[in-house]
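Hi,

Here is the structure I promised to hand over. My notes on it follow below.

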Amino acid sequence: MKRGMHLVGMVNPPTSQYAENWRNPLSRADWLSGSFTADLGRTLERGCFDMIFFADALAVPEDGAGDYATTLRTAGKGAIYLDPIAKAALVAGVTSRIGIGATVSTSFVPAYAIARQLLSVDHLSGGRAAWNIVTSTTDAEARNLGHAGIAAPGQRYDHADEVVQTVVELWQSWEPDALVHDQTAGVFADPSRVHRVGEGLSRGPLTLPQSQQGHPVLMQAGSSTRGRAFAARWAEVVFAIGDSPEAMRELRTEIRDRARVDHGRDPDAIRVLQGVQPIVGWTDAEADAKLAALVAQIDLPSALAKLERLLHAESLDPAAPATEILAAHRGATGSAGFEDMLAAVSERRRLTVAELAIEQALNQLHPQLVGSPATIADELQHLFESEAADGFIIMPALYHSSFEDFVNGVVPELQRRGVFRSAYTGSTLREHLVG
């Protein structure tokens, strides 16, 4: 079977990766309404995306003093998060083919609740659900859930291994043919085919049989060394960030090799998708103008304030080398992989603090593709065919216009080249991910 490109749309308004999205005139401001989310699902389904997924965090991000004022005043990322399970259920009701991913934390949500919530969405959507597995990263999230503070990364991943193992066992606690529904014989379900899962995090069984695709797809985005090991063990879809084609290819190879060697998994069953921010114009010049307008809207003092909040720093020197500031505030974000990426890009591009602040406000230093549909398709096709990625997580600058530009312009170009589907051939998310 010919290998096909995969596309996933990441949704986390009101800012996404572009900090000024919420006040841009080309952006919708009704992100708390059901129609905002429903329209996104329909747009991405029209573009034959494999999946739409909803990011999440469990606290308004705080600065080093535990104050959330900067985040709220500037509409910083994480100022607003609707519950992703609710949004996933909404999209399930207004679409019929696109996969739907929801972020749920292993650190604070019981395994049984995770299993039941996500399998419910999987049933209601006809087998289109995915679980974006996160461990959470901040003390603010821990305190909101009744804990003194966030556990160390290694502890969080060890617990996540146990949670995911339990969730998968709960999803499989009903054998595929356990729901008999024999009205003549008067047998609803065969109890001999429904099992407990142990006495650890849950004993089971779940209150739901297996879904049309068996169980939700597992997705994970950790890029630290421990995160990569976790992905190799569990993930069917990996959300990766690479700052160069070589780094992308190295990460994909590492995860595939670890999955095969350490866990006996088929590496071709894993889809490593690179996050990118496309700025699409009908010509390259128009795209350059769009990018210039986005940059012009970023206010440097505001961008510096957001960077200070992110790094738990005070009075950053705009002219200082970014690498020095990042090293001095290592561990502030709670995400080692994210900080590794910031440091690598800052060193390679020799960014100052001011430049880092602007880039962080523009795209969070994720790879940015700027150009006409053909130009962006060229870059995506090259990365895909050179095996730097199995596909891409599309992160919009503006809602909904960036997704609409991509679906109306880039998707038809990829389809014309035969590297991306022109129609869905299966009904479940797992079927979309085959090929």
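Glu-387 is partly exposed, at 41% relative accessibility. Bear in mind that this is a predicted model. Glu-387 sits in the loop between helix H14 (373–385) and strand E11. Its phi is near 60 degrees, a positive value in a residue other than glycine.

His-312 also has a positive phi, near 55 degrees, and is likewise not a glycine. The loop between helix H10 (300–311) and helix H11 (322–328) holds His-312. With a relative accessible area of 36%, His-312 is partly exposed.

Why flag these, and the peptide bonds below? Most residues other than glycine have a negative phi, and most peptide bonds are trans.

Now the cis bonds. One joins Pro-13 and Pro-14, with omega at about 15 degrees. Pro-14 lies in the loop between strand E1 (6–11) and helix H1. Another cis bond joins Tyr-399 and His-400, where omega is about 0 degrees. His-400 belongs to the loop between strand E11 (391–394) and helix H15 (401–416).

Last, a helix pair. H1 (residues 34–46) packs against H3 (residues 84–94) at an angle of about 55 degrees, and the axes are 9 Å apart. That angle makes H1 oblique to H3. The crossing is right-handed. On the H1 side, the contact is made by Gly-34, Thr-37, Ala-38, Gly-41 and Arg-42. H3 contributes Lys-87, Leu-90, Val-91 and Val-94. By type, the contact residues divide into 4 nonpolar, 3 polar and 2 charged.

Best wishes

Terms used
Residues numbered from 1 in each chain as written. Predicted model: local features only at pLDDT ≥ 70, side-chain atom pairs only at ≥ 80, totals over all residues. Heavy atoms only, no water. Axes fitted to C-alpha atoms, helices over the stretch in contact; angles between N-to-C directions. Helix = DSSP H or I, 4+ residues; strand = E, 2+ residues; numbered from the N terminus. Parallel < 35°, antiparallel > 145°, perpendicular 65-115°, else oblique. Left-handed = near helix turned anticlockwise from the far one by under 90°. Contact = heavy atoms within 4.5 Å. Nonpolar A, V, L, I, M, F, W, Y, C, P; charged D, E, K, R; others polar. Buried < 20%, exposed > 50% of the residue type's maximum accessible area, 1.4 Å probe, protein only.
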